[in-house]
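Here are some exercises to work through with the structure at hand. Try each task yourself before you read its solution.

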Amino acid sequence: MRTIIIEDEKPAARKLERILSLFSDIELVATIHSVEEGINFFKNKPHPDLIFSDIVLGDGLSFDIFEQITTKSFIIYTTAFDNYTLKAFKLNSIDYLLKPIMEEDLRNALEKYKSFVPQEQHYNNLNFKELIKKEKSSLSRILVKIGYNLKVLQTNEISCFYSENKIVYARTSERSFPTDFTLDELQENLDESKFFRVNRQFVINLDFIKNIHTSPYYKVEMQFQPEEEITVSRERVKDFKDWLSK
């Protein structure tokens, strides 16, 4: 496996290089430290089979590389946060490892990569969208910003997500937190057994439903929610009832 590392922190890059050296089937061909260096590499060098990429680099996000350069290489993202999970899985990602990277996690990621690549099939013929749809996991936590501070929210602590003035908020027992997501992204990537989009404005968590009124229309009361009432749109009522009964 021809492999490259994209990592701006040299200690982290050296640690990953050491772990990868334990695998005899990996050939590390380059270590890249910036967005600019990455773009130059992909423009002028053969693309590898596999990329290990941090997300936040000194001169931008590694996503900037892959939005400018089309590659069919598989990508395993390595980062300290999982707030970028949604975008990562849109850009050829097959796994998302949170730092500090452990050998066992990396080994599992490599096994997943190998399962994607039948020996008789060339990498360029793989359908990434189908693989990603099949393998990606649902969001388990999100990162929100509070002033100059960051806070990690577990999705199982969130009563509902709602849109207000073009911003999507996550409501917990503590308060409402602004997020960087859209409701469409959340609907696609949250655990569908727990979360349901009842209308254009709200995605609710099954575990926080307090009461459901059915007349004259379906209205849901959550343990924690904004002042606005939560109604189930008419076209979603049947799906909502089916979701409740699963």
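The exercises below move from overall confidence to helix faces, a sheet and aromatic rings.

This is a predicted model, in which local features need pLDDT of at least 70 and side-chain atom pairs count only at pLDDT 80 or more, while totals for chains, interfaces and linings use all residues. Residues are numbered from 1 along each chain as its sequence is written, and side-chain values use heavy atoms, with hydrogens and water left out.

**Exercise 1. Find where confidence in the protein chain is lowest and where it is highest.**

Step 1: Start with pLDDT, the predictor's confidence in each residue, from 0 to 100. Its mean over the protein chain is 85, and 85% of the residues reach 70 or more.

Step 2: Compare the elements; helices (H or I, at least four residues) and strands (E, at least two) are DSSP runs, numbered from the N terminus. The lowest mean, 44, belongs to helix H6 (residues 128-135), and the highest, 98, to strand E14 (residues 202-205).

Step 3: The pLDDT is below 50 over residues 119-136, a stretch with 24 contacts (heavy atoms within 4.5 Å) beyond near neighbours in sequence.

**Exercise 2. Work out which residues of helix H1 are buried and how they are arranged.**

Step 1: Apply the cut-offs: buried is under 20% relative accessible area, exposed over 50%, and partly exposed in between (1.4 Å probe, protein chains only). In H1 (residues 10-20), Ala 13, Leu 16, Ile 19 and Leu 20 are buried.

Step 2: View the helix down its axis, taking the arc from the directions between the axis and the C-beta atoms. The buried residues of H1 fall within 125 degrees, so they line one face.

Step 3: Recall the background: an α-helix has 3.6 residues a turn, so residues three or four places apart point the same way.

Step 4: Turn to the face away from the buried side, where Lys 10, Pro 11 and Arg 18 are exposed.

**Exercise 3. Classify the ring pair of Phe 63 and Tyr 77 and say what it ties together.**

Step 1: Rings of Phe, Tyr and Trp (its six-membered ring) pair if their centres lie within 6.5 Å; planes under 30 degrees apart are stacked, over 60 edge-to-face, and the rest tilted. The whole structure has twelve aromatic pairs.

Step 2: Phe 63 and Tyr 77 have ring centres 5.4 Å apart and planes at 65 degrees, so this pair is edge-to-face.

Step 3: Phe 63 lies in helix H3 (residues 63-68) and Tyr 77 in strand E6 (residues 74-79), so the pair ties together parts 14 residues apart in sequence.

Step 4: Check burial: Phe 63 is buried at 0% relative accessibility, and Tyr 77 is buried at 0%.

**Exercise 4. Describe the buried side of helix H8 and what covers it.**

Step 1: Val 237, Phe 240 and Trp 243 are the buried residues of H8 (residues 237-244). Their arc of only 125 degrees puts them on the same side of H8.

Step 2: The cover includes strand E13 (195-197), E14, E15 and E16.

Step 3: Ring pairs link Phe 240 and Trp 243 with Phe 196 and Tyr 218 in a cluster.
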